[in-house]
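Here is a short briefing to read alongside the model. Please keep the sequence and the 3D view open as you go.

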Amino acid sequence: MTRRMAGFRRALGALLCAGVGGGVGLAQGNANLPWPPELPAALPPKASLYVSDKSNVVLDFHGSVQDPDLVIFMAGNQYPVFPELIAAYREWVGTQPQHRGVGTARIFYATTPPGRLIDAMESGQLALGNFWIDVRPDRLWPDVFMTGPRQQRRLQAARFVDSWSVYARNRGAVLLVRSGNPKNIRGLPDLARDDVRVAISSQAGEPASFESYANTLRAQAGAQFVEAVLKKASTTSPVAVHHRENPQLIYDGIADVAPMYYHFGVYLKSRLPQHFDYVGLPSEGNFRDTLAISLVRNAPRRAAAAAWIDFIRSDVAAAIYQKHGFDYATAEERLKTEDK
């Protein structure tokens, strides 16, 4: 690994700061979580890197907003899939005569909570500290949106999309813990222990993931269990994005455990085994979220959007999602459109 890339990887230990949502503010520890890079393409050999740990690093915006060939907004929990998915897409397009000429070199994708991206589409701007992105059709604008039916309905109500089709479901939740599981957490009842500090999605800032985890906790531990955990003085919630902040909270020693999707547990344990492990939960009562894809009504790059949607409906994409801990929809379901 070059010194440049090593420095870049160290810099990826910062948290995305894209505004303030609901939940408890978190105190940063001194350590930097070494997130693996998720670049959609290699940087030029002499690219100028301006990075400072926990100050000037952006994790959930991938690629260039300038002259992209394709722009994808999505529910950010899919981020572990995308490096491999984009590489496969570039190969797949070359085998599809109907998509000949579609550019694939400059792909931009955003993996924040989807509500933040819809907010930006409605307001026209997305701010990251002192930097902002103009989000409108003549600047940066998505061609496709990949998120759950709840947010697809919001997009439809705002007249951004007409319909969507389901392509995948997650495999429910697990309990993310430190490597070695020093608090000996074995299941949901341990979240109520006085010595166990819990991190969970913010009900106000990330309502979709919060409700998913809350549904599992209620189904498996009782109707009042979520409220009991939230009342604990040591329970904390991320400021903006739980798929980055919850691991950081555990890494910094601020939390001991976090309910997170199964595919996060698999990803973090496999990529950062010295820092993370997870405890499985029973399948019964383990709530599973659905993912759907839609064509944005005024997509600036409609040919690229059509190619990407065809790819997401393909068995090639299905195999990659399955590999990363999702269950893919049947071929028939992928082609079925929903508009309610």
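Rings of Phe, Tyr and Trp (its six-membered ring) pair if their centres lie within 6.5 Å; planes under 30 degrees apart count as stacked, over 60 as edge-to-face and the rest as tilted. One aromatic cluster here is formed by Trp35, Tyr79, Tyr213, Tyr261, Phe264 and Tyr267. Please note that this is a predicted model, in which local features need pLDDT of at least 70 and side-chain atom pairs count only at pLDDT 80 or more, while totals for chains, interfaces and linings use all residues. Residues are numbered from 1 along each chain as its sequence is written, and side-chain values use heavy atoms, with hydrogens and water left out.

**Aromatic pairs**

- Searching the whole structure gives 20 aromatic pairs.
- Trp92 and Phe311 make a tilted pair, because their ring centres are 5.4 Å apart and their planes stand at 55°.
- Trp92 belongs to helix H2 (residues 82-93) and Phe311 to helix H9 (residues 302-312), so this pair ties together parts 219 residues apart in sequence; helices (H or I, at least four residues) and strands (E, at least two) are DSSP runs, numbered from the N terminus.
- Trp92 is buried, with a relative accessible area of 10%, and Phe311 is buried at 0%; buried means under 20% relative accessible area, exposed over 50%, partly exposed in between (1.4 Å probe, protein chains only).
- The rings of Tyr167 and Tyr321 have centres 5.7 Å apart and planes at 70°, so that pair is edge-to-face.
- Tyr167 sits in strand S7 (residues 165-170) and Tyr321 in helix H10 (residues 315-323), 154 residues apart, and both are buried.

**Charges over rings**

- Arg244 lies over the face of Trp35, 4.7 Å from the ring centre; a charge sits over a ring if NZ of Lys or CZ of Arg is within 6 Å of the ring centre and within 35 degrees of the ring normal.
- Lys269 places its charged end over the ring of Tyr278, 5.5 Å from its centre.

**Helix H5**

- Helix H5 (residues 207-221) has 15 residues.
- Its buried residues include Phe210, Tyr213 and Leu217.
- Just after H5, Gly222 has a positive phi of about 115°.

**The sheet**

- Three strands form an open antiparallel sheet in the order S9-S8-S10; two strands pair if DSSP finds at least two bridges between them.
- S9 and strand S10 (276-279) are the edge strands, each pairing on one side only.
- S8 and S9 are joined by five bridges.
- Val174 stands opposite Met260 in S9.

Note on methods
Expected span 1.5 Å × (residues − 1).
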